[in-house]
Amino acid sequence: MNGEKFAIFAVDMNESTLQPGLLPQSRLWHMALRLGPESIEALFLPPVSSHPPVWRSVEVNPSSPSHLKDLQDAIYDNPLLLCEFKAIDCVVATSRALMLPRAIASDESLAKAAIETVWNKTPDHLYVAECGVENAVAVMALDKEMESFLTRTFYNVRLSHPLALLTKMVSMSSETSPVMLASCCRGGVDVVACSGRRLLLANSFSSEVAVDTLYYISACLKQISRSEGESVALRICGSAELLAEARRLFPDHDPAPFVLPSELWGAGSEANNIAPELLAVTL
């Protein structure tokens with residue numbers, strides 16, 4: 001993105017399916033997808049600043065007996081997603097991911113054992129993603145069917161996990177003191193804390209109501225403050241209501257909106273409506 005400033009253009013949620021004509025010369029654009037339990041978010045990054053990025057969310061039935069089939073149907077029903085792009089990133093919001101020390105992540109048998117210990121299921125394949133920190137990497141497990149669908153549908157797709165990309169973003173904004181980000185999404189919150197290039201905490205919590213989310217945030221703040229011996233700055237994205245409550249409950253942690261790295265979006269506050277990990281794919 002080279003420091004250029006962009007305005008976000010959010011496509012009307014009530015529009016019909018995403019058609020190829022929406023983007024001029026899609027092969028020059030960068031597509032970033034976020035596959036979640038309830039939706040597919042698509043962010044299309046333009047080749048030049050004269051074109052605004054385009055963002056769209058496609059609903060997926062979270063109670064379906066086959067989440068993979070629903071994802072497939074949603075993608076096939078939106079032909080723009082199947083076009084040729086300059087680059088394609090796919091952020092898979094699966095619960096089967098861990099932040100592990102490099103020594104463990106570099107040994108596939110140890111990494112698989114860690115995943116199996118937590119979820120009692122041996123993973124088919126592991127993806128290791130750099131996080132911008134020195135003491136950890138993200139390890140994500142994908143079922144064989146999901147992996148096969150993504151790699152055959154999207155040419156040369158780069159797979160990642162929300163925690164990996166959020167860690168990159170937070171590490172860039174925590175050079176002098178600890179910073180914790182709470183990224184709110186439907187059904188939960190992702191919490192990442194860094195002090196410079198050192199990861200302090202990274203976890204995802206299921207939460208349907210604000211009081212539960214605030215509980216998890218409070219517990220994480222206390223844990224990091226104890227371990228670091230200093231107060232941690234709290235940054236929140238995805239919920240203005242939660243930010244207001246955090247300011248009331250945690251004033252000592254200076255709750256504020258998460259400021260996106262300037263090399264991504266400058267002062268573009270409109271981008272706060274989009275999952276921050278989508279914006280981080282260019283890091």
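This is a predicted model: local features need pLDDT of at least 70, side-chain atom pairs count only at pLDDT 80 or more; totals for chains, interfaces and linings use all residues.
Good morning. The side chains of E108 and K112 meet in a salt bridge, with N and O 3.4 Å apart.

Which residues of α3 are buried? They include A111, A114 and I115. These three span an arc of only 95° around the axis, which places them on the same side of α3. On the face turned away from that buried side, one finds the exposed residues S109 and T117. What do the buried residues of α3 pack against? Their partners are β6, α2 (102–105), β7 (125–129) and β8. Just after the helix, N120 adopts a positive phi of about 55°.

I turn now to the salt bridges as a set. The structure contains 11 of them. One of these joins R96 to D143, and the closest N and O atoms of the pair are 3.0 Å apart. R96 sits in the loop between β5 (87–92) and β6 (97–100), while D143 sits in the loop between β8 (137–142) and α4 (144–153), so the bridge ties together parts that lie 47 residues apart in sequence. Buried or partly exposed: how do the two partners stand? R96 is buried, with a relative accessible area of 11%, whereas D143 is partly exposed at 29%.

Another salt bridge links the side chains of R235 and D254, at 3.5 Å from N to O. Here R235 is in strand β13, residues 233–237, and D254 is in the loop between α7 (240–249) and β14 (256–257), so this pair connects parts 19 residues apart in sequence. R235 counts as buried at 19% relative accessibility, and D254 counts as partly exposed at 45%. Salt bridges with shared partners also join R96, K121 and D143 into one network.

Strand β13 brings me to the sheet. An open sheet of 5 strands runs in the order β12-β11-β10-β13-β14, and its pairing is mixed. Which strands stand at the edges? They are β12 (198–206) and β14; each has a single partner strand, so one side of each is left without a neighbour in the sheet. Within this sheet, β10, residues 179–185, pairs with β13 in the parallel sense over 5 bridges.

Finally, the cysteines. A disulfide is a covalent bond between the sulfur atoms of two cysteines. How many disulfides does a search of the whole structure find? The search returns 0. C194 takes part in no disulfide, and the nearest cysteine sulfur, that of C131, lies 8.6 Å away. C194 is buried, at 0% relative accessibility.

To close, I would recall two points. The bridge between R96 and D143 ties together parts 47 residues apart in sequence. Thank you.

How values were computed: Residues are numbered from 1 along each chain as its sequence is written. Side-chain values use heavy atoms; hydrogens and water are left out. A salt bridge is a side-chain nitrogen of Lys or Arg within 4 Å of a carboxyl oxygen of Asp or Glu. Helices (H or I, at least four residues) and strands (E, at least two) are DSSP runs, numbered from the N terminus. Buried means under 20% relative accessible area, exposed over 50%, partly exposed in between (1.4 Å probe, protein chains only). The arc is that of the directions from the helix axis to the C-beta atoms. Contact means heavy atoms within 4.5 Å. A disulfide is a pair of cysteine sulfur atoms within 2.5 Å. Two strands pair if DSSP finds at least two bridges between them.
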